[in-house]
Amino acid sequence: MLTRTLLLLLLVAPMYAAAQPIANMHREILQLAQHSPTATAILSRVDYDFERYVHGNNWEALLKGFGTVVHESAHHHNNNVTSKHWQQQEDKTKSEHYIINDSIEVLLEFEKVFNSRKLNKIVPDSLQKQIFRYPDYVGNRQVPLPLASQAHGIYGLMEEWSAYHLDARTHYELFDYYRQHQCDGYNNAEAWAKYMSTFAGNLVPYYEFKLFMSWYLQYAKQEYPEVYQRLMQHHKLRLVYTLIDNQYGEVVQHYKAMLPRLVSDLNAAGNAVEIAKGFSKKEWMFYVSTSKRSRKGYGLFEGELQMLIDLLHRKEHAVLNAFRLEGATIDNYEEYLE
């Protein structure tokens, strides 16, 4: 039989370990990456101090910043590839590089495009303020050098979109790690609620950047028809869009299937959890009962996601369907590169 002291130590140990300082953050990040094929592939491509993106020195901080490490390391690798390509070209043609998944990368060159900030002319101010990432990646951010998502137009927007996909996919791939090492199977409902809230937040950019790229194509067709024609004739670019859309969309579907199953498993394990509307009535929450009279809620961004989905259903965004290369998949993509 366990003594009260030993039992207390066992109960406190997971929380205590989470707060313990990490002696070598770089090494621990690489060890955590072993639980995600996507993270392993990306971090094996770079050699720099990616631990800078973890703001803290314990496991809680590592887990919170791990997706950002993957996201920014994807940018780091892409920049390295395009810089090397630019140096090798006599005519200094611009290029953009994309990581599709843990085994597929695509480099493509592009001609002159217009700055994404021009979309401010067709995107209403109300939407510019309502869509969380629009100011930073498209419209209003003032920096000494414009972001690639602005200066490189749709090419830069798509590169940012791909990095968000890799962040989201990494989080999904860590499900078993969380179950075994962070959530005590299905006994730590609050840890699972935090996991799913972060997962839900990772889905928002899937829809945001589709809107940005749709507006870019619409504006090009209206004001820069020669740019629009080049984009539609650039089958390699359309292939990259299709593959990322397929892959990111797959992660979205995994989340939708996972959420109700997780709620069922948690309740079967003796927890009291539910998905219900919050105080705003627009936002759904992952609620965890902490006692008979209180519960904690973690946002699932349903209101924001539904707003973006409704926008994409408008007829003007059918331009994205025309931009896709129907039939292209990660299994046959090489046929489309010829």
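Residues are numbered from 1 along each chain as its sequence is written. Because the model is predicted, local features need pLDDT of at least 70 and side-chain atom pairs count only at pLDDT 80 or more, while totals for chains, interfaces and linings use all residues; side-chain values use heavy atoms, without hydrogens and water.

I start with the second largest pocket, which has a volume of about 450 Å³. A pocket here is an open set of points on a 1 Å grid over the protein atoms alone, where a 1.4 Å probe fits, with protein on both sides within 12 Å along at least five of seven lines; lining residues have an atom within 4 Å of a point. The volume is the space filled by probe spheres set on the points. The lining has 21 residues, and H75, N79, L147, A148 and E159 lie nearest the centre. Helix α4 gives the largest share, seven residues. Helices (H or I, at least four residues) and strands (E, at least two) are DSSP runs, numbered from the N terminus.

Next, the strands. β1 and β2 pair in the antiparallel sense over six bridges; pairing requires at least two DSSP bridges. A hairpin of five residues joins β1 to β2, and Y98 has V106 in β2 as its bridge partner.

Last, helix α13, residues 302-312: L305, M307, L308, I309, L311 and L312 are buried. Their cover includes α5, α10 and α14, with contact meaning heavy atoms within 4.5 Å.

Conventions:
Buried < 20%, exposed > 50% of the residue type's maximum accessible area, 1.4 Å probe, protein only.
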